[in-house]
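Student: Please take a close look at the helix packing in this model. I would welcome one connected account.

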Amino acid sequence: MGSSEDEALVCIDCGATHEPGPSVLMCGRCGGLLEVVYPREVFGNVSFSGKGVWRYRSLLPKVDNVVTLNEGNTPLINAENLGRTIGLRNLYVKFDGANPTGSFKDRGMTVGVSIALKFRWKNVACASTGNTSASMAAYAARAGLRSFVFLPDGYVAAGKLLQAVAHGATIVRVRGNFDDALKILLSHSVELGVYVLNSVNPYRIEGQKTTAFETWEELGSMPDMVVYPVGNAANISSGWKGFRELREAGLSKSLPRMVGVQAEGAAPVAKAYLEERDTIEPVENPETVATAIRIGKPVSWKKALRAIRDSGGVAVTVNDKEILGAQVNLA
């Protein structure tokens, strides 16, 4: 048994508590997603030192060895020109493309792969359309672990696939889309002997929530509103968790509104919000130019809907033309 100061894994559906262990990924009682929950005394003793993701070690899971590539500490850019164009005085962009493999996924992988080492796994795996595979392969290589990437054939960003290959990942091609690839991985993970590092893994969320910590620190206060693209729906959930923990630690009295944005062709979360439903209707054949969010059955949809609603936020959809235009405007 862990000590009273250790984190627990709590099911977001039935509330069952699980002690962290090498085979605990989802709730053993109902199959729901798990969330890392820290004992109350942790929030009375928060301190930050160093830089990057592990600056916030006091609000992260305990690990024996940190696997890091110096992720985090990414720029928060005051987008003055864009702000003037759309009528916002204080518009900031968190540029997580400055992470080692080029995406926010590195924040989650430094924690997830460190946990894999803690539980003595030798092999890690993920389903991916690009960013996750590049990140997992890099951190697995750093830790000396074997990595396996389940790729939906024809749905992958080539540059990201090259990163995964360069870092020594074994590529498993799957007929179908991302949802098909993840389903196959989850159903065969035990027999394959791999630790799954998709966002179904609650420790990934813990690393990704540090974006909220950095944003709060750099601004010197809570933002009024934070906008997230929504694919598998874990990142907006992680941000909301991070902001809530800052308030629980007494570091802020306010919380931001969370805004989730999905592509029209892959928008089950946004549509559930807009239609005031408590469940999503999966999109069987999601389509959008934004391959990273071309996901029709997001694993963390329930966490995302709760984050949006509990924060008083909103969810919206955008079409591919708007996505491409926004890329240019942002640049």
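Tutor: Axes here are lines fitted to C-alpha atoms, for helices over the stretch in contact, with angles from 0 to 180 degrees between N-to-C directions; helices are DSSP runs (H or I, at least four residues) and strands likewise (E, at least two), numbered from the N terminus. The model is predicted, so local features need pLDDT of at least 70 and side-chain atom pairs pLDDT 80 or more, while totals for chains, interfaces and linings use all residues. Residues are numbered from 1 along each chain as its sequence is written, and side-chain values use heavy atoms, without hydrogens or water.

Helix 8 (residues 234–248) and helix 10 (residues 301–310) have axes that come within 8 Å and cross at roughly 50°. The two helices are therefore oblique to each other, and helix 8 passes helix 10 in a left-handed crossing. On the helix 8 side, I236, S237 and W240 make the contact (heavy atoms within 4.5 Å); helix 10 contributes K303, A304, A307, I308 and D310. By class, this contact has 5 nonpolar, 1 polar and 2 charged residues.

Helix 4 (residues 158–166) has K160, L161 and A164 as its buried residues (under 20% relative accessible area). Seen down the axis, these fall within an arc of 100°, so they line one face of helix 4. They pack against helix 3 (131–143), strand 7 (146–152) and strand 8 (170–174). The face of helix 4 turned away from the buried side carries A158, L162 and A166, which are exposed (over 50%). Just after helix 4, G168 takes a positive phi of about 90°.

Conventions: Angles under 35 degrees count as roughly parallel, over 145 as roughly antiparallel, 65 to 115 as roughly perpendicular and the rest as oblique. A crossing is left-handed if the near helix is turned anticlockwise from the far one by less than a right angle, and right-handed if clockwise. Ala, Val, Leu, Ile, Met, Phe, Trp, Tyr, Cys and Pro count as nonpolar, Asp, Glu, Lys and Arg as charged, and the others, Gly among them, as polar. Buried means under 20% relative accessible area, exposed over 50%, partly exposed in between (1.4 Å probe, protein chains only). The arc is that of the directions from the helix axis to the C-beta atoms.
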